[in-house]
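Me: I am new to this structure and would like to understand the terms used to describe it. Could you take me through them with care?

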Amino acid sequence: MLEEGYDLPPLMLTPDEIEAAVLGAQWVSTQADPALARAAQDLIAKIAAAVPDRLRPYVLEPATRMPPRSPVATPDGLDMAHTRAWIHAGRKIRLSYADEGGRGSDRIVWPVTVAYFHTVRLLVAWCELRRDFRHFRTDRVTSADFLDERYPDRPAVLRDRWLEDMRRRWQARGAAEN
């Protein structure tokens, strides 16, 4: 609580920052799982309430817009809000998964991040079976058990390892194409 005479300024964003935040939240509200979509809509409302009146049109009447929701081919096979919580907590997930050909496998994974595309989502994880990073389409997960067991690395460290692994693969692919 502030003493009388002191106040906090309103959220100070430039018009371009407001449009960027609103456009990003629009994308999330049309492409993400239901929990994140609701959070994105709430974020837009909070930005509208927090910015000065003169900037409110940048939130409520933006010059940029996302088209209506793209259809997700098949629903996620696991609870995405629970998955994100397990990523933050650094806990393992047991997945039953069907590959592109429909062949099933069971894996224990260390979830790293969720990648959101227009029609599918990927769970990026360290796979104990393959001892490597793997990308699992969430619509191909047939069941998931959220284990209490933590994995040994902090989630941020595991994410950094995955990003470095991806950079090496992209560089190798680029070198092979030249």
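Me: How many aromatic pairs does a search of the whole structure find?

Reply: The search of the whole structure finds five aromatic pairs, where rings of Phe, Tyr and Trp (its six-membered ring) pair if their centres lie within 6.5 Å, and planes under 30 degrees apart count as stacked, over 60 as edge-to-face and the rest as tilted. This is a predicted model, in which local features need pLDDT of at least 70 and side-chain atom pairs count only at pLDDT 80 or more, while totals for chains, interfaces and linings use all residues. Residues are numbered from 1 along each chain as its sequence is written, and side-chain values use heavy atoms, with hydrogens and water left out.

Me: Why is the pair of Trp86 and Phe146 called edge-to-face?

Reply: The ring centres of Trp86 and Phe146 are 5.8 Å apart and their planes stand at 80 degrees, so the pair is edge-to-face. Trp86 lies in helix 4 and Phe146 in strand 5 (residues 141–150), so the pair ties together parts that are 60 residues apart in sequence; helices (H or I, at least four residues) and strands (E, at least two) are DSSP runs, numbered from the N terminus.

Me: What makes Trp126 and Phe133 an edge-to-face pair?

Reply: With centres 5.1 Å apart and planes at 80 degrees, the rings of Trp126 and Phe133 are likewise edge-to-face. Trp110, Trp126, Phe133 and Tyr151 form one aromatic cluster.

Me: Why does Trp126 count as buried?

Reply: Buried means under 20% relative accessible area, exposed over 50% and partly exposed in between (1.4 Å probe, protein chains only), and Trp126 counts as buried because its relative accessibility is 15%. Phe133 has a relative accessible area of 7% and is therefore buried.

Me: What sits over the ring of Trp126?

Reply: The charged end of Arg161 sits over this ring, 5.1 Å from its centre, and the term requires NZ of Lys or CZ of Arg within 6 Å of the ring centre and within 35 degrees of the ring normal.

Me: Why is Arg121 called buried, and with which side chain does the side chain of Arg121 make a polar contact?

Reply: Arg121, placed in strand 3, has 5% relative accessibility and therefore counts as buried. The side chain of Arg121 makes a polar contact with the side chain of Asp76 at 2.9 Å; such a contact is a pair of N or O atoms within 3.5 Å, where within protein one must be able to donate a hydrogen and the other to accept it, and residues adjacent in sequence count only if both atoms are side-chain atoms.
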